[in-house]
Amino acid sequence: MPELPEVEIVKQSLNKTIKSKKILKVSVKNRDLRFKVEKNFELKLINKKIKNILRKAKYLILEMEENLFLVIHFGMSGTMHLVKKNKRNINTNLSFYHSKTLPLKHNHIIIHFSKFKIIYNDPRRFGFFKIIETKKEFESYLNKYAKEPLDKDFNYEYVKKKISNRKKNIKNILLDQNIISGIGNIYANEILFYSKINPKKLGSELKFIEINRLVKFSKKVIKKAILMGGSSIRDFKNSNGERGSFQKEFKVYDKKDQLCPNLRCKKKIIKVNISNRSTFYCSYCQK
DNA sequence: CCGTTAACCTGAGAGC
DNA sequence: TGCTCTCAGGTTAACG
């Protein structure tokens, strides 16, 4: 579900609430996430204080005392909910693309603090929670991943070097976390529209100006999405408290048969399948 | 090494 | 109302 901007929003919310708080109790209702939640998960976290909350690409990291790192990935459908304690209500305070109501099913992991608890919900269970116990191991774990658009040295030279010998189409390149990290299906579509690049074009075919636009608009789109609280799709209709509003800015994503936002164009956005992912673009503006 | 596809899961919505 | 089918914000093992 969440791409870089959505995970960043979670990070920012958590920084306001659980930073420097102590974990009093952990309960795991279902260990069968994408990777099995380890046996000693609860024991390792209990009585630890949270030092900091970090993000890298689509990963959220809770940095604990004693060089303990809890790495969280939300998969396709993971969400985090903050619920005040000692209240019977089911209001959550941490609803990004979700309603303010805690879902009834699929609440797999609950982390208790003195005045509230955070609940991890994930219907499809593609997400995971992993504990890393040394700083060294933590750093090498994250260094595996490619640079993300917001990195200072994510620039023309970096992207050029990464893609110029690739026979892979640019849409799949943007989704490949080993080439560029943090971008998912929504933002890949949007970035390619702004960059005026046909998603089927191969990495090796991109010209100087196209790579430049790709770098520029990757940064712009991701930054703006963060400023707008991320994107809330699918369930945002029935939610009165969703935080994200970047879905209102979508130019092509989920816009099949709608007019191209470029007013001079007047053609319709088309939808095609690229490697089993829906891809939306204007075949006139994106060459 | 590289690129593509299928598989992992549940639920919502469309069409009949 | 209910059935079947397709699709969904991600990742990766397995294959050629």
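Because the model is predicted, local features need pLDDT of at least 70 and side-chain atom pairs count only at pLDDT 80 or more, while totals for chains, interfaces and linings use all residues. Residues are numbered from 1 along each chain as its sequence is written, chains are lettered from A and ligands numbered from 1 in the order in which they are written, and side-chain values use heavy atoms, with hydrogens and water left out.

A pair of aromatic rings is described by the distance of the centres and the angle of the planes. Here, rings of Phe, Tyr and Trp (its six-membered ring) pair if their centres lie within 6.5 Å; planes under 30 degrees apart count as stacked, over 60 as edge-to-face and the rest as tilted. The count by this rule is 18 aromatic pairs. One of them joins Phe35 and Phe128, a tilted pair with 4.9 Å centre to centre and 55° between the planes. Phe35 belongs to the loop between β1 (25-28) and α2 (41-45), and Phe128 to strand β8 (residues 128-132), so this pair ties together parts 93 residues apart in sequence. Helices (H or I, at least four residues) and strands (E, at least two) are DSSP runs, numbered from the N terminus.

Phe35 is partly exposed, with a relative accessible area of 43%, whereas Phe128 is buried, at 1%. Buried means under 20% relative accessible area, exposed over 50% and partly exposed in between (1.4 Å probe, protein chains only). Phe69 and Phe138 form a stacked pair, 3.9 Å centre to centre with 0° between the planes. Phe69 is in strand β4 (residues 68-73) and Phe138 in helix α3 (residues 135-143), so the pair ties together parts 69 residues apart in sequence. Both Phe69 and Phe138 are buried. Ring pairs also link Phe35, Tyr59, Phe128, Tyr141 and Tyr145 into a cluster.

Sugar and phosphate make up 62% of the atoms of DNA strand B that come within 4 Å of the protein. In the side chain of Arg125, an N or O atom lies 2.9 Å from a sugar or linking oxygen of DNA strand B.

Definitions and conventions. Near = heavy atom within 4 Å. Polar contact = N/O pair within 3.5 Å; in protein donor to acceptor, adjacent residues only side chain to side chain.
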